[in-house]
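Please read these notes with the sequence and the model side by side.

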Amino acid sequence: MGKYFGTDGFRGEANVNLTVEHAFKVGRFLGWFYGKNHKGDKVKIVIGKDTRRSSYMFEYSLVAGLTASGADVYLLHVTTTPSVSYVVRTEDFDCGIMISASHNPFYDNGIKLINDKGEKMREDVIDEIEKYLDGEIDELPFATKENIGCTIDYTAGRNRYMGYLISLAIYSFKGMRVGIDAANGSAWNLAKNVFDALGAKTYVINAQPNGININENCGSTHIEGLCELVKREHLDIGFAFDGDADRCLCVDEKGNIVTGDHILYIYGAYMKERGKLSDNTVVTTVMSNFGLYKAFEVAGICYEKTDVGDKYVYECMSNHGYRLGGEQSGHIIFSKYATTGDGIITALKMMEVMLAKKKTLSELKSPVAIFPQVLKNIKVTDKTMAQNDTDVKAAVEKVAEALGNDGRILVRESGTEPVVRVMVEAGSQELCVKYVDEVIEVIKSKGYAI
């Protein structure tokens with residue numbers, strides 16, 4: 001990870017550590033970078049944004065930079081991150097940009113860069129952008145006369161993406177009662193249109209974006225409202241998206257939360273039954289629950305573990321030809337259909353399993369017994385030194401030995417903050433708290449805590 005770009009783009013508080021000047025310069029660089037060796041017509045770059053107030057500001061800044069460097073810019077307007085990925089890889093764009101800070105509060109924003117294959121931008125390109133942002137690359141030439149770029153309204157691209165989503169459903173949803181929490185974000189209109197078109201009776205909440213209510217007590221990070229809706233209206237299932245709809249969590253017919261780990265198990269088992277699970281393997285991250293791995297072992301399903309971030313999940317899938325992977329948080333990648341997490345595709349696939357197997361979601365998830373989990377962050381002076389300290393490592397090993405095969409401990413550093421994260425899964429909440437606190441006390445006693 002670089003100085004500005006993390007695992008999911010350049011993210012920060014709008015006009016504090018992510019400014020309009022940053023956005024303009026990112027646009028300037030991308031327009032120049034893709035244009036310098038471009039053959040044929042002008043560079044084509046597509047932009048989408050979520051519903052944050054600052055997204056419009058960043059959109060205009062990026063457009064100014066891109067067109068000043070000679071690129072033509074196609075505007076999808078408010079749309080989802082996976083829709084940008086889809087449009088880029090299917091319609092001959094040089095790259096795509098999504099303006100979103102995902103599940104963060106409204107005052108944050110981000111710039112996500114997508115290459116011409118619909119995947120996260122290559123690290124070497126990111127490195128060059130960072131050098132330009134820091135003034136390590138000479139000022140770039142401006143386009144002049146007929147070489148200056150223009151902007152094109154491209155809502156048609158978003159509509160084609162919606163058509164693609166509808167085409168993925170192999171069953172009618174007629175008679176199904178579905179709840180949708182749109183998080184006042186990118187999916188506020190799109191998700192309902194897709195489910196309505198497939199025949200579902202939809203009940204939608206948090207679909208009145210006003211620029212400052214995205215993710216506010218709603219969506220996949222605050223799913224309680226959807227749980228209440230499902231129980232109150234006696235729905236068959238509920239789906240909660242985040243701000244840019246690249247993740248999805250579910251609620252079963254009893255009003256219980258269905259995590260990304262449950263989703264990986266449900267669809268992994270469904271694929272295995274049909275002989276569709278490539279190499280009999282599902283890709284997870286190190287944060288997936290211990291209970292998921294126990295369920296996989298009983299079902300005879302193999303798994304891989306990657307670092308946290310759907311970027312790393314997709315890299316593993318791409319390198320080995322795996323077809324299913326994701327995160328506990330609801331970033332699920334179905335590589336046959338998308339190159340990134342797609343919340344609406346995840347929802348469609350859960351509907352498919354329910355209808356194909358004629359089972360409720362609570363029945364489908366029942367083999368996964370989620371272990372209690374406690375995760376605590378501790379701010380430290382040096383993340384690497386704290387993790388590698390001899391006494392800290394000894395404390396971690398002591399906990400691992402005590403847990404044996406009945407739990408696990410994971411200590412890792414944050415990629416974006418000066419914190420070390422200590423996570424324990426065990427048979428009870430009390431045990432989790434006890435072991436997490438033991439390790440944190442050692443970190444404090446060695447003087448690393450801020």
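In what order do the 7 strands of the open sheet stand?

1. The order is β1-β2-β6-β5-β3-β4-β7, and the pairing is mixed. Helices (H or I, at least four residues) and strands (E, at least two) are DSSP runs, numbered from the N terminus. Two strands pair if DSSP finds at least two bridges between them.

2. This is a predicted model, in which local features need pLDDT of at least 70 and side-chain atom pairs count only at pLDDT 80 or more, while totals for chains, interfaces and linings use all residues. Residues are numbered from 1 along each chain as its sequence is written, and side-chain values use heavy atoms, with hydrogens and water left out.

3. β1 (5-6) and β7 (151-153) are at the edges with a single partner strand each, so one side of each has no neighbour in the sheet. β1 pairs with β2 (residues 9-13) in the antiparallel sense over 2 bridges. In this pair, G6 is opposite G9 of β2.

4. Helix α1 (residues 20-35) packs on the sheet and touches β1, β2, β3 (44-49), β5 (95-99) and β6 (108-114). Contact means heavy atoms within 4.5 Å. The direction of α1 makes about 5° with that of β6. Axes are lines fitted to C-alpha atoms, for helices over the stretch in contact, and angles run from 0 to 180 degrees between N-to-C directions.

5. Helix α2 (residues 53-68) also packs on the sheet, touching β3, β4 (72-78), β5, β6 and β7. Its direction makes about 170° with that of β3.
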